[in-house]
Amino acid sequence: MERIGEEFDFIVVGAGSAGCVLANRLSEDGQHRVLLIEAGGRDTNFFTKIPLTAGLAYYWKAINWNYEIAPQLHMDDRSVAWPRGKLLGGSSSINGMMYMRGHRADYDGWRQMGLDGWGYEDVLPYFKRSEGHVDRSGPYHGTDGPFRVVTAKAENELYGAFLRSAAQVGHPLNDDHNGAEQEGLGSYDFNIRDGRRESTATAFLRPAEGRANLDVWTRTQAERLIIKNGRAAGLAVNRSGARQNVFARRDVVLSSGALGSPQILELSGIGDPEVLKAAGVAPVLELPSVGTNLHDHLGVYLTYKCAKPVTLYGFFRPDRAALAGLQALFLRRGPATSVPLEVGGFLRTRSDLETPDIHITFVPGLNLETTQKGQGQHGYLINFYQLRPVSRGTTHINGPKASEPPRIDPAYLADPADVQCMRDGVRLAREIGAAAPLADYNAGEISPKREVESDDDIDAWVRASANTIFHPVGTCRMGADDASVVDAELKVRGVDGLRVADASVMPAIVGGNTSAPTIMIAEKCADMMLGEPPLPRVELAAAS
């Protein structure tokens, strides 16, 4: 086969939470030539540096894919924005920096699906390999990894009041959600290094960029895979307006996320033939599961007026915000060097559940949406999301061009079990919010209003206010069955030399934030691609 274009050993498509890890690990020994391509630019934006500005980074159009989902049938036909990072570091460069792995039962569930090597004791060594925790150690934590992790100081007095309120109504406290037991409330861990955001770009890619065997191409859009004789031979790309082909001697690995990776597969003719033909793409390989199994964490925000001026509202003054930003940027200290959601955890809405079903977080301030509606005042909020939604949706291409955004439909709240969990979560959060330790601060609910009490009223409020927690997964599902998109080695079924490694391969979402699990997936994938034996599994006593 004639090849006109540059040739590499490995091509990594997408420089996000997984892609930066892969670029580092695959180029580490200097023996393989690696190309990392990224559709966005570099991670130089101010909002990607300062932890407090994470909420603004989510919606900064220049560093974002700016996706919108389809109107949601079970959410009053609302369409909401789905921010995804379009820059080095991907969504790890715009997210809330919370370091969460999920429950051990999540990974044991994957193993029970037939995915050998993906149980909790198998994946824990990969979490530990990447983790460089400053404040924790022991059998559950790594201290020497490149990805810096710190425990929040949680100094605002409202944090303590929230934790005491939760304890008073019977919820356990827990000082390490990534340790022996996930359930309970306490201070969170964050990816922050010396007062700055730690992304996979800063932790993994930056130390590797000087390697002679690693090329990093920004402003480079993958248009389609080049498939020859059943093998992914390379990619057709658009690099800053110029089209060219690049080739892989060994593997192409898609790390473009739960929306980008299935999009590239479908643009290349891999997917459901009917979907492909409707979009004007000739089918190459029938793989109907591509773009299905889409699910995400859905959350709501219960907001309260605060009777004391101890919230973040004071930082909305332009002079104070500017001072905090400058302190963080130049001195690496001050209030802008932390993320204002420092305490919370994982709770069960029903005592008969084996694992927590909601993730609840306290913020000593009001969300941006509330403030933008002219309700700016001293206030605080309690946010929660359902950990394991039952509803499943889809994402599919609209047409044959990579520049066209996909049709995204997560089908939020389509399953009654999800509606029930959200309803129960509202009641649980309200119970904590009404407890005595918060009483001196509680000047009344902003949303939902006090009169929202019945099941129907709560359900209606959830439909009208729920929003994404930015954790889409599952669209290139890993499985032991022939219908799955990738197998346990993350190889795409029916195509040689092609793997997927990102949140899209999760067969079921983990009970927690998805950034750290995505990094773990990339760590495992790198070993598989290099032919390395898996890290020795650990043997841990079952949590009580």
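What follows is a set of questions and answers on the overall fold, the salt bridges and some local backbone features of this predicted model.

Trainee: What percentage of the contacts with a separation of 6 or more is accounted for by residues 24 or more positions apart?

Mentor: Buried residues make up 60% of the 544 residues, while the chain exposes about 20,700 Å², of which carbon and sulfur atoms supply 49%. Turning to the contacts with a separation of 6 or more, the share that comes from residues 24 or more positions apart is 71%.

Trainee: Which residue forms a salt bridge with Glu-7, and how many residues apart in sequence are the parts that the pair ties together?

Mentor: The partner of Glu-7 is Arg-249, and the closest N and O atoms of the two are 3.1 Å apart. Glu-7 lies in strand β1 (residues 6-13) and Arg-249 in strand β14 (residues 242-254), so the pair ties together parts of the chain that are 242 residues apart in sequence. Glu-7 is partly exposed at a relative accessible area of 29%, and Arg-249 is partly exposed as well, at 40%. The partner asked for is thus Arg-249, with a sequence separation of 242 residues.

Trainee: Where in the chain is the salt-bridge partner of Glu-121, and how many residues apart are the two?

Mentor: Glu-121 forms a salt bridge with Arg-537, with the closest N and O atoms 3.5 Å apart. This pair links distant parts of the chain, since Glu-121 is in helix α4 (residues 120-130) and Arg-537 is in the segment after α13 (515-530). Glu-121 is buried, with a relative accessible area of 11%, whereas Arg-537 is partly exposed at 40%. The partner therefore sits in the segment after α13, and the separation is 416 residues.

Trainee: Which residues are linked with Arg-25 and Glu-28 in a network of salt bridges?

Mentor: Arg-25 and Glu-28 form a salt bridge in which the closest N and O atoms are 3.4 Å apart. Arg-25 is buried, with a relative accessible area of 12%, while Glu-28 is partly exposed at 45%. The network that contains these two also links Arg-129, Glu-523 and Asp-527.

Trainee: Which helices do the buried residues of α3 pack against?

Mentor: Helix α3 covers residues 104-112, and its buried residues are Arg-104, Asp-106, Tyr-107, Asp-108, Gly-109 and Trp-110. Just after this helix, Gly-114 takes a positive phi of about 100°. The packing partners of the buried residues of α3 are α4 and α13.

Trainee: Which residues is Glu-157 in contact with, leaving aside its neighbours within four places in sequence?

Mentor: Glu-157 is found in helix α5 (residues 157-168) and is partly exposed, with a relative accessible area of 40%. With the neighbours within four places set aside, its contacts are Val-310 and Tyr-441.

Trainee: Is Asn-293, with its positive phi, buried or exposed?

Mentor: Most residues other than glycine have a negative phi. Asp-77, in the loop between β3 (67-68) and β4 (81-82), has a positive phi of about 60° although it is not a glycine, and at 52% relative accessibility Asp-77 counts as exposed. Asn-293, in the loop between β16 (285-286) and β17 (298-306), has a positive phi of about 65°. At 14% relative accessibility, Asn-293 counts as buried.

Trainee: What is the omega of the peptide bond from Ser-447 to Pro-448?

Mentor: Most peptide bonds are trans. Pro-448 lies in the loop between β23 (442-447) and α12 (455-465). The bond from Ser-447 to Pro-448 is cis, with omega near -5°.

Key:
Residues numbered from 1 in each chain as written. Predicted model: local features only at pLDDT ≥ 70, side-chain atom pairs only at ≥ 80, totals over all residues. Heavy atoms only, no water. Buried < 20%, exposed > 50% of the residue type's maximum accessible area, 1.4 Å probe, protein only. Contact = heavy atoms within 4.5 Å. Areas by Shrake-Rupley, 256 points an atom, 1.4 Å probe, with all protein chains shown as cover. Salt bridge = Lys/Arg side-chain N within 4 Å of Asp/Glu carboxyl O. Helix = DSSP H or I, 4+ residues; strand = E, 2+ residues; numbered from the N terminus.
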